[in-house]
There are 2 protein chains.
Amino acid sequence: MRIPILKLHNYLLISIQVEMDDNTAIQFQEDLLDKIHQTGASGVVIDLTSVEIIDSFIAKVLGDVVKMSDLMGAKVVLTGIQPAVAVTLIDLGIHLQDVPTALNLEQGLIKLRQELGE
Amino acid sequence: MRIPILKLHNYLLISIQVEMDDNTAIQFQEDLLDKIHQTGASGVVIDLTSVEIIDSFIAKVLGDVVKMSDLMGAKVVLTGIQPAVAVTLIDLGIHLQDVPTALNLEQGLIKLRQELGE
């Protein structure tokens with residue numbers, strides 16, 4: 001299974017609305033980095049509104065993909081982080097201090113424009 | 001498997017990037033109509049850029065979902081229709097005459113704004 005990545009202007013939008021298994025997460029990481037490379041996107045919004053719980057593996061992949069995207073020059077904004085997901089991320093020591101967050105996709109796009117000064 | 005539906009302002013965005021089986025198509029139809037109802041969205045963009053071929057069942061579901069969304073008050077724009085998909089739709093007599101189409105997601109959103117006079 002693959003998570004669709006939508007390109008809108010300079011941004012990539014992803015809404016995770018399935019329970020990710022390990023393979024899906026790895027495939028998503030690969031697909032996102034490829035897409036950043038192909039499109040030269042300057043920003044990415046990953047919306048987690050529909051994700052109610054994550055395990056340690058998925059949390060690590062998510063933390064990694066944010067750092068990797070950043071290395072490639074694309075700023076990531078995470079949106080819709082639910083309480084249980086926030087708890088898991090912090091409990092696992094996955095600190096996303098420099099990662100802007102927002103309530104939903106619209107707010108995420110606004111934040112991205114601010115961050116990138118566009 | 002479910003196809004994610006992204007809400008952006010008054011619009012719903014869908015990018016179909018998987019080969020749909022019958023169940024996925026039916027589930028998508030149901031999810032989209034529910035989401036239109038929940039959000040009161042005025043427009044929908046369905047991007048088919050990654051869909052290279054469709055069978056008669058999926059084509060029918062797609063034709064139906066456009067008409068159903070319209071009945072519910074949401075205008076649908078189809079984007080990225082590939083040659084083989086266009087051939088299948090016409091061969092099967094699924095005429096989407098009143099359905100605006102566009103090259104990609106960005107163009108689809110512009111078209112939607114024009115259609116809705118927003």
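**Reading strands, a helix, a core and an interface**

Modeller: Strand 4 (residues 75-79) of chain A runs parallel to strand 5 of chain A, and two bridges join them.

Biologist: What should I know about the model before I read on?

Modeller: This is a predicted model, in which local features need pLDDT of at least 70 and side-chain atom pairs count only at pLDDT 80 or more, while totals for chains, interfaces and linings use all residues. Residues are numbered from 1 along each chain as its sequence is written, chains are lettered from A and ligands numbered from 1 in the order in which they are written, and side-chain values use heavy atoms, leaving out hydrogens and water.

Biologist: And how do strands pair in general?

Modeller: They pair through backbone hydrogen bonds, either parallel or antiparallel. Strands here are DSSP runs of E, at least two residues, and helices are runs of H or I, at least four residues; both are numbered from the N terminus. Two strands count as paired if DSSP finds at least two bridges between them. Now the case: L78(A) stands opposite T101(A) in strand 5 of chain A.

Biologist: In what order do the strands of the open sheet in chain A come?

Modeller: The order is 1-2-3-4-5, an open sheet of five strands with mixed pairing. Its edges are strand 1 (6-8) and strand 5 (101-102) of chain A, each pairing on one side only.

Biologist: How do I read a helix?

Modeller: An α-helix has 3.6 residues a turn, so residues three or four places apart point the same way. Take helix 3 (residues 83-91) of chain A. V85(A), T88(A) and L89(A) are buried there. Buried means under 20% relative accessible area, exposed over 50%, and partly exposed lies in between (1.4 Å probe, protein chains only). Down the axis of helix 3 of chain A, the buried residues fall within an arc of 95°, so they line one face. That arc is taken from the directions from the helix axis to the C-beta atoms.

Biologist: Which exposed residues sit on the face turned away from the buried side of helix 3 of chain A?

Modeller: P83(A), I90(A) and D91(A). Helix 2 (56-71) of chain A is included in what covers the buried residues of helix 3 of chain A. After helix 3 of chain A comes G93(A), with a positive phi near 75°.

Biologist: What is the rule for phi?

Modeller: Most residues other than glycine have a negative phi. H9(A) has a positive one, near 55°, and is not a glycine. H9(A) lies in the loop between strand 1 and strand 2 (11-15) of chain A. H9(B) also has a positive phi, about 50°, and its place is the loop between strand 1 and strand 2 of chain B.

Biologist: How do I find a core?

Modeller: A nonpolar core is a set of buried Ala, Val, Leu, Ile, Met, Phe, Trp, Tyr and Cys residues joined through side-chain atoms within 4.5 Å. The largest one has 32 residues; I14(B), I16(B), L32(B), V44(B), I46(B) and L78(B) have the most contacts inside it. Among the elements that supply at least two residues each are strand 3 (43-47) and strand 4 (75-79) of chain B. Helix 2 of chain B gives the most, six residues. Apart from this core lies another, of 31 residues, including F28(A) and V76(A).

Biologist: Are the residues of strand 3 of chain B buried or exposed?

Modeller: Five of the five are buried, so strand 3 of chain B is largely enclosed by the rest of the structure. G43(B), V45(B) and D47(B) are on one side, with V44(B) and I46(B) on the other. Strand 3 of chain B pairs in the parallel sense with strand 2 of chain B over five bridges. L12(B) stands opposite V44(B). Five bridges also join strand 3 of chain B to strand 4 of chain B, again parallel. There, V44(B) has V76(B) as its bridge partner.

Biologist: And the interface?

Modeller: The size of an interface is often given as the accessible area lost when the parts come together. Here buried area is the accessible area (1.4 Å probe) that two parts lose on being put together, summed over both. Chain A and chain B bury about 1,500 Å² between them, 69% of it on carbon and sulfur atoms. L6(A), Q17(A) and E106(A) lose the most area in chain A, together 36% of what that side buries. The contact (heavy atoms within 4.5 Å) takes 16 residues from chain A and 16 residues from chain B.

Biologist: What rotation superposes chain A on chain B?

Modeller: One of 180°, with 0.0 Å of shift along its axis and an RMSD of 0.0 Å. That is the relation of a two-fold axis. The same surface serves both copies: 100% of the contact residues of chain A recur in chain B. Copies are superposed by least squares on the C-alpha atoms of residues with pLDDT of at least 70 in both.
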